[in-house]
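Colleague: I've got a new model open and I'd like to learn how to read it. Could you walk me through the features one at a time?

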Amino acid sequence: MEKTPLSMRKHIAIFGDTNVGKSTLFNKLLGQEAAIVSEISGTTTDPVVKAMELIPYGPVALIDTAGLGDETALGSRRTAKTLDILKRTDLILYVRDINCDSALRPVKIDKNIPYINVFTKCDLADAKTLTRVSGDFPESVLIFDYNEKSLECLRRRMIEELNKQERDDDTMIGHLMPKGSSLILVCPIDSEAPKGRLILPQVQLIRDCLDHGMKAYVTTEVTLKDALDELRHTDLVVTDSQAFKIVSKIVPDNIMLTSFSMLLAAQKGDFKQLLSGAAAIDKINADSKILMLEGCTHNTSHEDIGRVKIPKLISSYTGGAAPQYDYYTGYNMPKDISGYDLIIQCGMCMINKKEIKTRLKTAQSLGVPVTNYGIALAKLNGILDRAAEIFNK
């Protein structure tokens, strides 16, 4: 199976009431027993996410969720977690037990998200019920004993719906630079760098360069000057945002410069919104509240970008102001973000595009400025105009 990161896959979530066969459908589509199946109501508690190949569409992420209408002691909390999945969902499989009276009721999930009605246990239904459902829900999929014919019909419908959407495998650099361009990728090796490997955005950009006929030269900030001297021509230098200050001094003004994080911001989010959000840094003071959104959990060191470097730079930039910082990791966010003066999202490599769009739309509706690590660091180092030049071409 292709090792496409979950964050770069379309997310398909299975919703429905308890005991309608969601987990069984989840397992059958995956071709493995990834979720526990039981007749006991409320067996599925937390969402389960698995990568799969939806041939011939490509890599997707399939999510099994706890049942709606869960009346157990923890039912409301499970339902809240289930509904939270909507923020990152590109397609809903709304599963209904065809033999239940509630199966024909209107869908109560977010109607802005495309969905497919999936009726299970159709092998147990009478002809009258099957005819009625087929008439009332002509675009639905009927599952008979989870046989391959039924599952293949569902897969085709899933592909049809996904093909209507924007593909999430769009390029980081292919739309910005022509074929044959020469790029230098600066990958610092410090205490934050994972031992023995590159971080995800670095790997993604290298592959993207190869896919679009570009030449990618990998170095560190220590050997960057030598690399520039040895290469006859360099079109763009892409650096880890943490090294912006050092790298900007080494790279001549006639060579464009940006960061991995800023490329991801343009690929996954509304770059203009994120760019304009950086202006809020000028208004930060001791009474300000800043929400820091980190895509992954990790140990904090003296070189941590979100918890050490950015706060230190903000304090220096604002003349010593020490605002309040709140940190959330992964897909977690506070329910109410209206009280924040600025949101700073991480590089976005571990968060899928739909979630990023949902966050940006929510922030925009509340008038809360939002930016990301790379753009914030460019701003704090006084090189934002230069770092954004590639996106204005």
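Modeller: Let's begin with contacts, meaning heavy atoms within 4.5 Å. Of the contacts in the protein with a separation of 6 or more, 71% are between residues 24 or more positions apart. Keep in mind that this is a predicted model, where local features need pLDDT of at least 70 and side-chain atom pairs count only at pLDDT 80 or more, while totals for chains, interfaces and linings use all residues. Residues are numbered from 1 along each chain as its sequence is written, and side-chain values use heavy atoms, with hydrogens and water left out.

Colleague: Fine. How many helices and strands does the protein have?

Modeller: Helices (H or I, at least four residues) and strands (E, at least two) are DSSP runs, numbered from the N terminus. Here you get 14 helices and 14 strands.

Colleague: On to sheets. What is the strand order in the one that contains E7?

Modeller: Two strands pair if DSSP finds at least two bridges between them. This open sheet has four strands in the order E8-E7-E9-E10, with parallel pairing. Strand E8 (215–219) and strand E10 (256–259) are the edge strands, each pairing on one side only. On average, neighbouring strands are turned by 25° against each other, direction ignored. Strand E7 (residues 182–186) pairs with E8 over five bridges in the parallel sense, and the bridge partner of Ser182 in E8 is Lys215.

Colleague: Which helix packs on that sheet, touching E7?

Modeller: For directions, axes are lines fitted to C-alpha atoms, for helices over the stretch in contact, and angles run from 0 to 180 degrees between N-to-C directions. Helix H8 (residues 260–268) packs there, touching E7, strand E9 (236–239) and E10, and its direction makes about 75° with that of E10.

Colleague: Which strands make up the sheet with E11?

Modeller: That one is open too, with four strands in the order E12-E11-E13-E14 and parallel pairing. Strand E12 (324–329) and strand E14 (370–372) each have a single partner strand, so one side of each has no neighbour in the sheet. The twist averages 20° from one strand to the next. Strand E11 (residues 289–294) and E12 share six bridges in the parallel sense, and Glu294 has Thr329 as its bridge partner in E12.

Colleague: How does H11 run relative to E13?

Modeller: Helix H11 (residues 353–366) lies across E11, strand E13 (342–345) and E14, at about 170° to E13. Helix H12 (residues 373–380) also packs on the sheet, touching E11, E13 and E14, and its direction makes about 90° with that of E14.

Colleague: Why is H12 described as largely enclosed?

Modeller: Because eight of its eight residues are buried, H12 is largely enclosed by the rest of the structure. Among them are Tyr373, Ile375 and Lys379. After H12 comes Gly382, with a positive phi near 75°.

Colleague: What about helix-helix packing, say the angle at which H1 and H4 cross?

Modeller: The axes of helix H1 (residues 22–30) and helix H4 (residues 148–163) come within 11 Å and cross at roughly 85°. That makes H1 roughly perpendicular to H4; the classes are under 35 degrees roughly parallel, over 145 roughly antiparallel, 65 to 115 roughly perpendicular, and the rest oblique. Leu25, Lys28 and Leu29 in H1 meet Leu151, Leu154, Arg155 and Met158 in H4.

Colleague: Last one: how many disulfides are there?

Modeller: A disulfide is a covalent bond between the sulfur atoms of two cysteines. With the cut-off for a pair of cysteine sulfur atoms set at within 2.5 Å, the count is zero. For Cys209, the nearest cysteine sulfur is that of Cys187, 11 Å away. Cys209 counts as buried at 0% relative accessibility, and Cys349 counts as buried at 16%.

Note on methods
Buried means under 20% relative accessible area, exposed over 50%, partly exposed in between (1.4 Å probe, protein chains only).
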